[in-house]
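Welcome! Here is a short briefing to read alongside the sequence and the 3D view, one topic at a time.

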Amino acid sequence: MYKVSDEAVSERIESYSRTWRIMLETADEVIMGDSIMNASGALQSTSLSDDIELGAVCAGEWTVEIYGSDKKFLGKEFELSLYLVDYEHGYTLYSDLTPYTLSELGRLTVEQVGRLGEILGAERIPMARLTCVRSKKSGASTELTLADRLYFSDREYTPTVRLPASGKAIEDDICSQLGLANGNSYSSEPYLFDRQSRRLFDSNGLRLRASSFDFTIKQVAKGTTMRQMLGYIASMHGQFGFVDRFGRYVRKWYGASVKTLDPNTIDLPTLSEQQNVITGIVCTVSDSQVLTLGNGSGRVIEFENPYMTRELLASIWFRVGGYAWYTTDLYHRLGDPRFDIGDVVTYEGSEQAYEIPITGLDFSFDGGLSATITAVGISVEEQIEPI
């Protein structure tokens, strides 16, 4: 969950009276204010299917409608951010200008500089770094489809590092080929945490480590895509992968709840009748080797990874075993742009509280901001081949 630096902005985000604007920044232009009337952010998810997954690597995408611009956008890189309009100030403050360099100010029009005074707390909330992959013009408006760099990851992966190589070297190589920064830290990765992000210790009080996270990849099968390879590495860590709001490739698994939802800001959610609890994990290494842990009495996570070992699967089991959640569809009328995919939020019903992992997060902007939050999951009965 993103943390804003200004408390006034935090309070306004959670209030019932607020007006949002979108800002798009390129290398040679800043588009903001009334030039962008509507937008939607879709396909932001932690799962490629209707079930929770290990190793899913999903691209994020926004559609933005721009008015009054005759520029060409296809292939350009954008930084998309949201800001709250402050109608109490009709003038530009020094604090509004400080986030900009002189060269950036030189690219703003007089009208845009005047609008800077409307940005509450001079705080822009970064949402994504994107590339324009489609541009359609109709009259005075242009509809842009913007996607993060994982959009291009379905190309075949050809290593530029010498094999065998560490998982980190392969991940760095793919990120470099996609034009992404690798935001994953390997320094503390060997330490194990439970599903509430608490440290795990052995009977002697020593931190539990998983040295097998430092695995080696000896070869890459012909036809393997960059997305598949990133997915293998992510599942080796017991995580999923995505591009964060700062344009970095990161991996994550669900942790403790970051916020309890205000029931007055959401529609009544649709919740599964029973809670999903991960009681088993199955990894297909090859046609002749399948690794399993846990049991088949409940929800079983199944995935493929040709590099998996039994020791590493045991480390992953510490992270995902026993994880519990409810399949959920929830409409957030006052969408909160601080939420990230992979966050966990709490919904307090009349009889109990529900922890909801955000496996899908779609935003809709038209001056206001709403969001659809989903937590995918299939029931035990829907699994075709339980162990």
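Helices (H or I, at least four residues) and strands (E, at least two) are DSSP runs, numbered from the N terminus. With that in mind, S47 sits in the loop between β3 (36–42) and β4 (61–67). This is a predicted model, in which local features need pLDDT of at least 70, side-chain atom pairs count only at pLDDT 80 or more, and totals for chains, interfaces and linings use all residues. Residues are numbered from 1 along each chain as its sequence is written, and side-chain values use heavy atoms, with hydrogens and water left out.

**Around S47**

- S47 counts as buried because its relative accessibility is 9%; buried means under 20% relative accessible area, exposed over 50%, and partly exposed in between (1.4 Å probe, protein chains only).
- Leaving aside neighbours within four places in sequence, S47 is in contact (heavy atoms within 4.5 Å) with I52, E53, A56, C58, T359 and V376.
- Between S47 and V57 there are 7.4 Å in space, C-alpha to C-alpha, and the two are 10 residues apart in sequence.
- The side chain of S47 reaches the backbone oxygen of D51 at 2.4 Å, and a polar atom of that side chain lies 3.2 Å from the backbone oxygen of S49.

**Helix α5**

- Helix α5 covers residues 167–178, which makes 12 residues.
- From first C-alpha to last, α5 reaches 17 Å, close to the 16 Å expected at 1.5 Å a residue; the expected span is 1.5 Å times one less than the number of residues.
- The buried residues of α5 are G167, I170, E171, D173, I174, C175 and L178.
- Among the elements covering those buried residues are β8 (165–166), β9 (181–182), β10 (216–217), α6 (226–236) and β12.
- Just after α5, G179 takes a positive phi of about 75 degrees.

**Aromatic pairs**

- The structure holds 14 aromatic pairs; rings of Phe, Tyr and Trp (its six-membered ring) pair if their centres lie within 6.5 Å, and planes under 30 degrees apart count as stacked, over 60 as edge-to-face and the rest as tilted.
- One of these is the tilted pair of F240 and Y254, at 5.1 Å centre to centre with 40 degrees between the planes.
- This pair links distant parts of the chain, 14 residues apart: F240 is in strand β11 (residues 240–243), while Y254 is in the loop between β12 (248–252) and β13 (257–260).
- F240 is buried at 0% relative accessibility, and Y254 is buried with a relative accessible area of 2%.
- F240, F242, W253, Y254, Y323 and W325 form one aromatic cluster.

Notes
Polar contact = N/O pair within 3.5 Å; in protein donor to acceptor, adjacent residues only side chain to side chain.
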